[in-house]
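Subject: Structure handover

Hello,

Here is the structure I promised you. Please open it first, then read my notes below.

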Amino acid sequence: MEIVYVYLKKRSEFGKQCNFSDRPADLNVDILPNPKLAAQFVERNPVDMGIQCSVSMSEHEANTERFEMETRGVNHIEGGWPKDVNPLELEQTIRFRKKVEKDENYINTITQLGVIMEHCIKQNNAIDIYEEYFDDEEEVEVTEEASSAKTINVFRDPQEIKRTATHLSWHPDGNRKLAVAYSCLDFQRAPMGMSHDSYVWDLENPNRPEMALKPSSPLVTVEYNPKDSHVILGGCYNGQIACWDTRKGSLVAELSTIEFSHRDPVYGSIWLQSKTGTECFSASTDGQVMWWDIRKISEPTEVVILDITKKEQLENALGAISLEFESTLPTKFMVGTEQGIVISCNRKAKTPAEKIVCTFSGHHGPIYALQRNPFYPKNFLTVGDWTARIWSEDSRESSIMWTKYHMAYLTDGAWSPVRPAVFFTTKMDGTLDIWDVMFKHSDPALSLKVCDEALFCLRVQDNGCLIACGSQRGTTTLLEVSSGLSTLQRNEKNIASSPWVQTPVLHVVLRLSRGLLQRPL
Amino acid sequence: MTEVEETLKRIQSHKGVIGTMVVNAEGIPIRTTLDNSTTVQYAGLLHQLTMKARSTIRDIDPQNDLTFLRIRSKKHEIMVAPDKEYLLIVIQNPCE
């Protein structure tokens with residue numbers, strides 16, 4: 001049934017005013033209940049219904065407008081005159097003032113205060129009590145704190161079979177990375193299954209090495225190229241020289257041919273300062289020093305045999321354990337031998353025999369470290385047997401200073417790059433000694449037990465603050481030295497230069513006069 | 001009253017004194033050698049500072065009291081001699 005109601009209106013009646021009239025209700029629709037539908041429903045008895053007898057409330061949120069606040073000072077331009085005085089009226093203010101001035105309390109107070117005030121004024125005029133004394137003297141940086149060093153980080157060899165960390169090299173830019181060479185230096189006692197890998201560690205992440213270097217034979221030395229920080233040079237246990245490019249990956253980029261390489265492990269490898277930045281040289285206990293160009297690494301460019309009898313006999317040659325090269329003296333280099341002799345050589349000599357300039361002997365055992373003083377290249381440090389010695393090139397007979405004989409073998413040493421009188425040494429009992437020649441001669445300025453096993457190598461970062469040392473079980477420890485030992489002290493350069501100059505002369509004179517010259521440190 | 005005059009004149013005549021003023025607790029300048037607005041400004045600010053300084057001294061030791069306040073600035077020194085009702089303020093430029 002359609003419910004529709006039509007109502008009609010004539011068009012002419014539009015717009016007419018409405019005349020309302022009452023009429024009775026008109027039923028339009030009536031839907032009667034259908035009892036049949038009731039069958040679809042069930043009567044519900046009882047019915048549960050919740051009611052509440054309380055005031056019905058509703059929740060609204062409202063937020064006031066933000067009130068901006070500002071802090072401001074107030075500038076009073078007129079004092080708090082009492083009510084009866086009009087501040088603008090000059091007469092009234094004068095009268096008020098006069099009244100105050102006549103007050104006895106006022107007179108007494110002012111007299112009292114005047115006395116105190118005058119005292120201070122006169123004091124000010126007498127002397128300048130705020131004078132700054134010693135204004136023109138520069139600030140003396142007094143490092144009162146005792147020198148100390150603390151361990152920052154420890155990098156452990158992730159391999160199961162632990163190998164010795166034999167060499168460390170800092171990344172040339174920014175020093176955020178450290179390359180560590182791992183190998184087992186015990187002759188033929190390297191355990192089966194020992195990994196050949198060496199690692200590059202990022203200082204921020206001691207848990208995992210950043211990159212692995214995978215040579216065919218374990219690396220004994222590793223060096224970053226100071227000119228190109230992506231290139232790493234490695235000297236292998238089998239005498240080969242290998243080269244990596246860190247951008248290319250872990251596998252060896254260049255490898256020298258085994259026939260032309262060293263016959264013994266490469267114990268020293270250093271990059272040379274050249275225009276191309278691709279030249280390096282290496283030394284080994286087979287008695288040879290070889291120069292390489294990594295672009296053509298199959299053959300060495302030059303070979304020098306360390307025969308001090310100058311006969312070029314390989315049989316007589318001394319085995320090289322450490323190598324030294326200073327870029328400020330590009331033609332000279334020094335080699336520390338197994339026999340305890342330091343050989344100073346000249347690369348630019350015409351004949352091979354003239355390459356060996358002079359020798360310095362004094363150690364009883366292999367010279368594990370050899371380094372020139374970065375500030376005074378004429379002086380160099382050697383570390384070997386149980387002592388560390390400082391030599392001057394001018395005095396060939398013996399060292400100018402030496403430490404006492406320690407209980408443990410010294411394994412490595414280095415000068416501090418920031419302080420000319422400070423050097424570091426590591427020992428087989430796991431201690432790191434920091435020597436300050438200016439401070440104390442007989443003992444190290446600081447001696448730290450780094451680990452229980454022997455420390456094998458040491459490398460100081462260029463800023464002189466961080467030191468990395470590698471141990472026998474492959475643990476590399478990163479230490480930070482206190483600022484007293486890593487900042488240049490006042491006059492240190494002047495003071496440090498004098499003993500070096502004077503002592504050798506003194507040494508020679510006393511020696512000649514048969515005096516008892518023992519100048520122990 | 002002449003003592004007061006004398007005292008103030010003497011103070012003003014010392015070497016380096018830029019200005020002297022006597023202000024009461026309401027900030028009304030009783031006697032001043034500087035202009036009114038400057039005086040009122042000094043009065044208002046120094047009064048608060050003196051109150052604070054005095055309460056600091058007394059908080060630390062109730063038996064103690066503030067006798068003098070000296071403020072050294074880059075340009076000159078402001079010296080305040082406080083009292084219950086009045087403040088004697090002198091600005092001096094100590095000659096170096």
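Two strands pair if DSSP finds at least two bridges between them. Helices (H or I, at least four residues) and strands (E, at least two) are DSSP runs, numbered from the N terminus. This is a predicted model, where local features need pLDDT of at least 70, side-chain atom pairs count only at pLDDT 80 or more, and totals for chains, interfaces and linings use all residues. Residues are numbered from 1 along each chain as its sequence is written, chains are lettered from A and ligands numbered from 1 in the order in which they are written, and side-chain values use heavy atoms, without hydrogens and water.

Start with chain B. Its strands β3 (residues 69–72) and β4 (residues 77–82) pair in the antiparallel sense, over four bridges. B:I71 stands opposite B:I78. Four residues form the hairpin link from β3(B) to β4(B).

Now chain A. It has four helices and 28 strands. Of its 521 residues, 44% are buried. Buried means under 20% relative accessible area, exposed over 50%, and partly exposed in between (1.4 Å probe, protein chains only).

Two backbone details are worth a look. The peptide bond from A:N45 to A:P46 is cis, with omega near 5 degrees. A:P46 lies in the segment before α1 of chain A. A:D385 is not a glycine, yet its phi is positive, near 40 degrees. A:D385 sits in the loop between β19 (379–384) and β20 (387–392) of chain A. It counts as buried because its relative accessibility is 0%.

Next, salt bridges. A salt bridge is a side-chain nitrogen of Lys or Arg within 4 Å of a carboxyl oxygen of Asp or Glu. The whole structure holds 22 of them over all chains. Which residue does A:K177 pair with? Its partner is A:E210, with the closest N and O atoms 3.4 Å apart. A:K177 is in strand β3 (residues 177–183) of chain A and A:E210 in the loop between β4 (198–202) and β5 (211–213), so the pair ties together parts 33 residues apart in sequence. A:K177 is partly exposed, at 25% relative accessibility. A:E210 is also partly exposed, at 43%.

A:K404 and A:D443 form another salt bridge (2.8 Å, N to O). These two residues lie 39 apart, A:K404 in the loop between β21 and β22 (410–415) of chain A and A:D443 in the loop between β24 (431–436) and β25 (446–449).

Best wishes
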